[in-house]
Amino acid sequence: VTCLFSKNWILRDAALQKILKQVEAGELQEDPKETFRALSRALLRVLKDKVANVFHSALQVLKSTVEVFGPLVGLKEVQMGVGELIQPLVEKTGDSNQRMKEAAGESLMFLAHREDVGLALMTG
């Protein structure tokens, strides 16, 4: 976890890759609600990262987290956790880096199409 907040972007990216593998392998499901909340708080920070690799890894973690934990934690919990992440994603759609801009837009579309998030949450 400390690597996630490192000044070295390579360590932040490695931490996100490890989290992604753990989420996808189902290793973090002991207390789904608390894990989802912790991941949402961590994502709130790393989605603001200026390094493209870290941002892209954060988007992968976001997608997997919503897919894996959504059914486990329920609609209200997903909406609370993801609701805070919308603003940093919207801000990234105005980034000068084309890859980051497109990836942010794709992630917003992914969230908008999910029943447990939906467009209504995204528009406030």
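Modeller: A polar contact is a pair of N or O atoms within 3.5 Å. The model discussed here is predicted.

Colleague: With that in mind, what does the side-chain oxygen of Asn-97 reach at the start of H6?

Modeller: The backbone nitrogen of Arg-99, to within 2.9 Å.

Colleague: How many residues does H6 have, and how far does H6 reach?

Modeller: H6 has 16 residues and spans 23 Å between its first and last C-alpha, close to the 22 Å expected at 1.5 Å a residue.

Colleague: Which residues of H6 are buried?

Modeller: They are Met-100, Ala-103, Ala-104, Ser-107, Leu-108, Phe-110, Leu-111 and Ala-112.

Colleague: On to packing. At what angle do the axes of H3 and H6 cross?

Modeller: The axes of H3 (residues 52-73) and H6 (residues 98-113) cross at roughly 10° and come within 10 Å. Angles under 35 degrees count as roughly parallel, and H3 and H6 are therefore roughly parallel to each other.

Colleague: Which residues make that contact?

Modeller: H3 contributes Ala-52, Phe-55, His-56, Leu-59, Leu-62, Lys-63, Val-66 and Glu-67, while H6 contributes Arg-99, Met-100, Ala-103, Ala-104, Ser-107, Phe-110 and Leu-111. By class, the contact has 10 nonpolar, 2 polar and 3 charged residues.

Colleague: Changing topic: where does Asp-116 lie, and is Asp-116 buried or exposed?

Modeller: Asp-116 is in the loop between H6 and helix H7 (118-122). Buried means under 20% relative accessible area, so Asp-116, at 10% relative accessibility, counts as buried.

Colleague: Which side chain does a polar contact join to that of Asp-116?

Modeller: That of Arg-114, at 2.9 Å. Beyond its neighbours within four places in sequence, Asp-116 is in contact with Val-66, Gly-70, Leu-75, Val-78 and Gln-79.

Technical notes
Residues numbered from 1 in each chain as written. Predicted model: local features only at pLDDT ≥ 70, side-chain atom pairs only at ≥ 80, totals over all residues. Heavy atoms only, no water. Axes fitted to C-alpha atoms, helices over the stretch in contact; angles between N-to-C directions. Helix = DSSP H or I, 4+ residues; strand = E, 2+ residues; numbered from the N terminus. Parallel < 35°, antiparallel > 145°, perpendicular 65-115°, else oblique. Contact = heavy atoms within 4.5 Å. Nonpolar A, V, L, I, M, F, W, Y, C, P; charged D, E, K, R; others polar. Expected span 1.5 Å × (residues − 1). Buried < 20%, exposed > 50% of the residue type's maximum accessible area, 1.4 Å probe, protein only. Polar contact = N/O pair within 3.5 Å; in protein donor to acceptor, adjacent residues only side chain to side chain.
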